[in-house]
Amino acid sequence: MELGRTVHPSNEMKQIILSIYLLILFLKVEAKYAAYSIEHMVLTCDTFLIGQIVTHDAETFTIALDDSSGHVRIQKFKNWTCAHRYAEYEIGQKALFFLEKRDRKFYVMSGGNEGELPIVGDSLYLSSLSVYYPFDLDVGQELTGSKTTLISGKRFHGYDFRTRHFVETIRTFR
């Protein structure tokens, strides 16, 4: 190659460079999310319901309300990089749902599905992500009482409460 001679990259080389640049640009995008606290969900939800899944499709699931007053259709939580539902949707799963209404559709609150509290027997399970740690705790330290429980065959980390007492407490605050 002669000195002072300009070399022009081929179109193929330009496409490769552009592809690498775009890949790097998109890989640097970071998903951020903060779980809603239980206090926030209790005080700001549009409604909260207890029900059992009776049907589901690709986008929604329908619950039969625990008080036998009817059925409600809810948009499914979509798993994403930072959060997954505790288990696949199955008919028969029961939960307390903190719901927001947008565009005449119900959505479970929080970007990590913390607004769905599974119920097994007479116990309700609250995700440990919905309980904020006091500032004086070490980051790795867990609050007393949190545990990992199998729900629908999958591990769920959180706190268990008697469903009736939990609901009574929510109604007191609302």
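Visitor: Which residues of helix α3 are called buried?

Guide: In helix α3, which spans residues 163–173, the buried residues are Thr163, Phe166, Val167 and Ile170. Buried here stands for under 20% relative accessible area, exposed for over 50%, and partly exposed for what lies in between, with a 1.4 Å probe and protein chains only. Helices (H or I, at least four residues) and strands (E, at least two) are DSSP runs numbered from the N terminus. This is a predicted model, in which local features need pLDDT of at least 70 and side-chain atom pairs count only at pLDDT 80 or more, while totals for chains, interfaces and linings use all residues. Residues are numbered from 1 along each chain as its sequence is written, and side-chain values use heavy atoms, with hydrogens and water left out.

Visitor: What covers the buried residues of α3?

Guide: The cover includes α2 (38–44) and the strands β1 (47–56), β4 (94–102), β6 (116–120), β7 (123–127) and β9 (154–162).

Visitor: Why is β6 described as largely enclosed by the rest of the structure?

Guide: Because four of the five residues of β6 are buried, the strand is largely enclosed by the rest of the structure.

Visitor: How many bridges pair β6 with β4, and how many join β6 to β7?

Guide: Two strands pair if DSSP finds at least two bridges between them. Strands β4 and β6 have four bridges and pair in the antiparallel sense, with Ile119 of β6 as the bridge partner of Lys94. Strands β6 and β7, also antiparallel, are joined by two bridges, and there Val120 has Ser123 of β7 as its bridge partner. The hairpin formed by β6 and β7 has two residues between the strands, and in it Gly121 takes a positive phi near 65°.

Visitor: What makes a group of residues here a nonpolar core, and which members of the largest one touch the most others?

Guide: A nonpolar core is a set of buried Ala, Val, Leu, Ile, Met, Phe, Trp, Tyr and Cys residues joined through side-chain atoms within 4.5 Å. The largest one has 18 residues, of which Ile38, Phe48, Leu96, Phe98, Leu117, Phe166 and Ile170 touch the most other members. Two or more residues of this core come from each of α2, β1, β4, β6, β7 and α3. Apart from this core lies another, of 15 residues, including Ile53, Phe61, Ile74 and Ala83.

Visitor: Which residues is Leu96 in contact with, its neighbours within four places in sequence left aside?

Guide: Contact means heavy atoms within 4.5 Å, and on that basis the partners of Leu96 include Phe48, Leu49 and Ile50, then Gly115, Glu116, Leu117, Ile119 and Leu124, and also Phe166, Val167 and Ile170.

Visitor: How do you know that Glu59 and Lys78 form a salt bridge?

Guide: A salt bridge is a side-chain nitrogen of Lys or Arg within 4 Å of a carboxyl oxygen of Asp or Glu; the closest N and O atoms of Glu59 and Lys78 are 2.9 Å apart, and the pair forms a salt bridge. The pair links distant parts of the chain, 19 residues apart, with Glu59 in the loop between β1 and β2 (60–65) and Lys78 in the loop between β3 (71–75) and β4. With a relative accessible area of 41%, Glu59 is partly exposed, whereas Lys78, at 52% relative accessibility, counts as exposed.

Visitor: Why is the pair of Arg162 and Asp122 said to tie together parts of the chain?

Guide: The side chains of Arg162 and Asp122 meet in a salt bridge of 3.3 Å, N to O. Arg162 lies in strand β9 and Asp122 in the loop between β6 and β7, so the pair ties together parts that are 40 residues apart in sequence. Arg162 counts as partly exposed at 42% relative accessibility, and Asp122 is partly exposed with a relative accessible area of 49%.
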